[in-house]
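Here are some notes for a colleague opening this structure for the first time.

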There are 2 protein chains.
Amino acid sequence: MPVYTVSHVQNIRICVIMVGLPARGKSFISQKIVRYLSWLSIKAKCFNVGNYRRQAASHPTADFFDSQNEDGLKIREEAATAAVNDMMKWFNSEDGVVAILDATNTTRQRRDWLLRLCRENSIEPMFLESWCNDEKIIMKNIVDVKTTSPDYEGLDPDTAASDFMKRIDKYQEIYEPLTIEQDGDLTFVKLINVSDQVIINRIETYLESRIVYYVMNLHIRPRCIYLSRHGESMYNLEGKIGGDADLSERGFKYAQKLPELVKQAAGDQVDNLTVWTSTLIRTQQTAQFLQQDKLQWKALDELDAGACDGLTYEEIEKQFPQDFKERDENKYEYRYRGGESYRDVVIRLEPIIMELERQENILIITHQAVLRCIYAYFMNVPQEESPWMSIPLHTLIKLEPRAYQTIVQRIKADIPAVSTYKEKGTSQLGESHASGNSSKNLITGAPIDKKDG
Amino acid sequence: MPVYTVSHVQNIRICVIMVGLPARGKSFISQKIVRYLSWLSIKAKCFNVGNYRRQAASHPTADFFDSQNEDGLKIREEAATAAVNDMMKWFNSEDGVVAILDATNTTRQRRDWLLRLCRENSIEPMFLESWCNDEKIIMKNIVDVKTTSPDYEGLDPDTAASDFMKRIDKYQEIYEPLTIEQDGDLTFVKLINVSDQVIINRIETYLESRIVYYVMNLHIRPRCIYLSRHGESMYNLEGKIGGDADLSERGFKYAQKLPELVKQAAGDQVDNLTVWTSTLIRTQQTAQFLQQDKLQWKALDELDAGACDGLTYEEIEKQFPQDFKERDENKYEYRYRGGESYRDVVIRLEPIIMELERQENILIITHQAVLRCIYAYFMNVPQEESPWMSIPLHTLIKLEPRAYQTIVQRIKADIPAVSTYKEKGTSQLGESHASGNSSKNLITGAPIDKKDG
C-alpha cells in the first residue's frame, strides 16, 4: 500500500542551479538541501562541477580561473558538461527527482545554456543564488575553504587564502547576479547575506516551495543540539514496547544526573538552551530536574506500535509472526497494525527539523525510534540503516553542526540500564550498552563532499 | 498538561502592517492569515481602518481620499489612531499574538508612525505589501469591492467602479512602495502580483516565517474543494469508534454512487480533480470507483482514540467514566489515553491545509473528526464548536472559496446510513441524517469582514 507524502503530489523533476561567487556557502546550502530531501525520501543528488574540474586540474592557481585563460576556460567548460551529462543520466536511469548543480554559474551565458538543457530534458530549472557582501561571512567561508578544499591540499594556509581571494576576484569580474528586471521570467531564489533578505521569483511547484522555505530557515550561527532518550522505564525493565510508563529507579537516577551531564556537555552555554520533550510521562520525568525552559511536543512521541503497544518482542513474534518477519525485512517501511512506520515518524518530525534549523541550543529528550530519525537527519544516515542504529539509554549525545560535517560526542552516565536494542532476526534484546564508567567518545560525522572552488 | 505547538516556541507579539493601493487584495490576505492562525490556536485579529473611518464618513467619494483634502485627511488619521488604539488594547487585555492592521499605509510617514508605536509597545512590526500591476487581477478586485464594500452600498455598479478607480488614483499619487534600498532595515514581505514574486526582508521569528510561507502559497485561481466521509463501515453499524473496518453494504452502495455525485457537483471540472484519501481501508473502498488520480495521506487518518479504539461510546462511558465526562466538557482539548485530541489532529493537518491552498480541485475522502477540522478551517468555525459539528455519512460537501466568503453545498446521496453523531452528555448516537431523498442544500459561509477602501 503506497503512502504518499506531500512531496509526491506532483510528478516533477527539478534542477537547482546554484549561482554565486566562491565562498558564498553554495556547497553548504547544496549539501543541506540534499540531506533534507533524502531524509524525506525524495531522491536528491548534488553534482559539484569543481570535483569534475579537479580530474583535469587538481591544484590550479587563481590564474586558471581568469576569463581570458583559454586553457582554463576549456577545462572548466568540459567539467561543467561532464557534470551535466552525469546529472541527466542520473535523472533518467535512477529516477532522480531533485539535482543540485553546485557551481558558480556566474554568467547569463552559462545559465542560458543550462536553462536550454533542462528544458530540452523536461526538467524544471530553479536558480538558487547566494549573494553576500558581509565581509565576516565571506572571511569565515574563505577559512573553511582554505582548510577543506582539495585544491589547496598541503598548501600553507596564508598562501591558500591569498590565492583564493584572487580567484574570487577573477569571478567577480564577470559576475552577473540574478535580478527581477533581467531574469523575471525565470524561477529563482536569491539569498542575500544568508537569509537576511530573500527574493523569490516564480516559484510554482510544491517541491520548489519546500526547498525555498527550507533555505529561508537556515542560519550559520554556532550552536549545539543535545539528544537523550528518557531514563530507563518500567516498560523497558519488562521488555515491553510503547505505553506510557513511569521511570524505573535507575531511570530516576539518570534524571537526577542529567543536569550535571548537560552542564558537562554544554559548558558556558548551559543556561542558554531550551529543553524539548515528548508528551509521554517518561520524557517529562527525565527532564524534571533541569532548570531550563521546557516545551512539550506531540510530534516527539514514540513511534506508535498500534496493536503491538505494550507487548514484548517475544509476544509480538508469537502473536503476529508474519508482521514480526516483515518488520525485520524492511523496518523503515513497516507500519505496525493501526500504528506507524519509521517513514510516518519522519513525516511528522519534519516541522521539528525545520524548527531545529531555526533555533540555537536545544536539548531533546525523546524516544528510541524518534531519536534515530533525528540523528539520521543530522548525520546523513541512510534510511535502511537508521532504524537499526544503536541509541542506548542513559547517554547524552551532543551534535555540533559545522560547515561540512557534524561533530558527535556521546557522554555516558555511569548508571546501568537494560538494553532495548533488538537485533535483526531475533526477539532477544542485547546487552546493556550504558553500564561501566562515565565516559566520552568522540565521533566525527562522515565528512560530506568537499567544496568546489 | 500544556502541549506546545511550534507557534508557541517564542513568546512574541507581531503586528502585520498591510501596505498597498486599494484593490490589491489586502483585506483578502488579512482575513486568510487571521483564519489560518486562529485555526492553529494562535490568537489573531484583523483591525480594518476602513471600518473605523466609515463611522465618520460612510459613503465618501474619491475626493475624500485626496491628499489635499484636509477634512478627509483628519477623519482618516483619526480612524487610523482609533484602530491602532483598539489593537494595543487587544494585545494587552486579551493576550493577542498577531494583529493585522488592514489599511493602505502607502506613505513612509504613516509607516514610520506605526513602527514607532509598535516599538514603544514591544510589538514586532512586520510589513506585508501587496503590489500589483496585473490589470486582470486589479479589475477583478475592483469588481469585488464595488459589489461588497459598504462604501458603495446601493450605488449603481458602474458609478461605483468609476469612483473607486478615481480613489485608487488619489492613493497612487502619494504611494511609496517598500524597497530593499530604502526599507532594508525593516522586517517586510512584498508580494508582487499575488505570489509571482516575493521579496522577503529580515524575517526573524518562527511565526513571521510561517506567515510568509502561508501567503507565498496562496493563489486566487477559481477552484472547488469536495469533502466526503467514507461510506458507512461495519464499525459504524456496531457503533464502534476507530478501527480499520470494511464498508457495510450501504457504504459500498455509497462508493458506487460517489462518481455520479461528484459529476453532479463538479460539472465540467469532474476530470480535473485529484482524490485524496486516508490510509485506512474504509476511505479507499469509498474511492474505489472514482477514475481520477488518487493519493493516500497518513495525515488524513481518523483521530486516534488510543485506549478507546474499537469501543462503543457506551463502553467508553462504562470503562472510562472520568474520561468520558472530561471529553464532553472540552472535546477540542481532550486527548484520548494514548491517542489524540482535536488539537493534535489540527497540527498534523497543517501541511494538508497548506497543500490545499496551493492546489486547485481536490476531493478529500476521510473521517468525521478530520473533516470537522478541515471544514472548520475553510468556514472559520470556532474551536469550541468544531468538534460538535454534524458531518453526516453519505453526503458530499462542496466548498467554493470566494474572495470574502466560502460557498457551501451539501449533496446527499439517497442511501441511508446510521448516524455517528454523539450529542454532548449522552452516549447515544443520533438519528440518521442521510436518509431520505437525494437533495441539495446551499449554505453560504458567514461573510467575513467587508473590505476597507
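**Notes on the predicted model**

1. Both faces of strand β1(B) are covered. I14(B), V16(B) and M18(B) on one side are all buried, as are C15(B), I17(B) and V19(B) on the other. With 6 of the 6 residues of this strand (residues 14-19 of chain B) buried, β1(B) is largely enclosed by the rest of the structure. Please keep in mind throughout that this is a predicted model.

2. The pairing of β1(B) can be followed on each of two partners. With β3(B) the sense is parallel, over 4 bridges, and I14(B) has V98(B) as its bridge partner in β3(B). With strand β4 of chain B (residues 124-131), β1(B) also runs parallel, joined by 6 bridges. In β4(B), the bridge partner of V19(B) is E129(B).

3. Where do β6 of chain A and β6 of chain B stand to each other, parallel or antiparallel? The two strands, residues 197-201 in each chain, pair in the antiparallel sense over 5 bridges. One place to check this is V198(A), whose bridge partner in β6(B) is I200(B).

4. Helix α2 (residues 49-56) of chain A packs against helix α3 (residues 70-93) of chain A at an angle of about 125°, with the axes 8 Å apart. That angle makes α2(A) oblique to α3(A). The crossing of α2(A) past α3(A) is right-handed. From α2(A), the contact draws on V49(A), Y52(A), R53(A) and A56(A). From α3(A) come I75(A), R76(A), A79(A), A80(A), A82(A), A83(A) and D86(A). By class, the contact of α2(A) with α3(A) has 8 nonpolar, no polar and 3 charged residues.

5. In chain B, look at helix α8 (residues 206-217) with helix α14 (residues 342-358), which pack at an angle of about 35° with their axes 8 Å apart. R210(B), Y213(B), Y214(B) and N217(B) of α8(B) meet E350(B), M354(B), E357(B) and R358(B) of α14(B). By class, the contact of α8(B) with α14(B) has 3 nonpolar, 1 polar and 4 charged residues.

6. E357(B), found in helix α14 of chain B, deserves a separate look. Is E357(B) buried or exposed? E357(B) is buried, because its relative accessible area is 2%, under the 20% cut-off. Leaving aside its neighbours within four places in sequence, E357(B) is in contact with K32(B), Y214(B), N217(B), L218(B), H219(B), R223(B) and Y377(B).

7. Two loop residues have a positive phi. Most residues other than glycine have a negative phi. V194(A), in the loop between β5 and β6 of chain A, has phi near 65°. V194(A) is partly exposed, with a relative accessible area of 24%. In chain B, N193(B) lies in the loop between β5 (188-192) and β6, and its phi is near 50°. N193(B) counts as buried, at 14% relative accessibility.

8. H367(A) sits in the loop between β10 (362-366) and α15 (368-379) of chain A. At 0% relative accessibility, H367(A) counts as buried. Apart from neighbours within four places in sequence, H367(A) is in contact with R229(A), H230(A), S278(A), L280(A), R282(A), T283(A), L300(A), D301(A) and E302(A). The C-alpha atoms of H367(A) and I138(A) are separated by 39 Å, and these residues are 229 residues apart along the chain.

Terms used:
Residues are numbered from 1 along each chain as its sequence is written. Chains are lettered from A and ligands numbered from 1 in the order in which they are written. This is a predicted model: local features need pLDDT of at least 70, side-chain atom pairs count only at pLDDT 80 or more; totals for chains, interfaces and linings use all residues. Side-chain values use heavy atoms; hydrogens and water are left out. Two strands pair if DSSP finds at least two bridges between them. Axes are lines fitted to C-alpha atoms, for helices over the stretch in contact, and angles run from 0 to 180 degrees between N-to-C directions. Angles under 35 degrees count as roughly parallel, over 145 as roughly antiparallel, 65 to 115 as roughly perpendicular and the rest as oblique. A crossing is left-handed if the near helix is turned anticlockwise from the far one by less than a right angle, and right-handed if clockwise. Contact means heavy atoms within 4.5 Å. Ala, Val, Leu, Ile, Met, Phe, Trp, Tyr, Cys and Pro count as nonpolar, Asp, Glu, Lys and Arg as charged, and the others, Gly among them, as polar. Buried means under 20% relative accessible area, exposed over 50%, partly exposed in between (1.4 Å probe, protein chains only).
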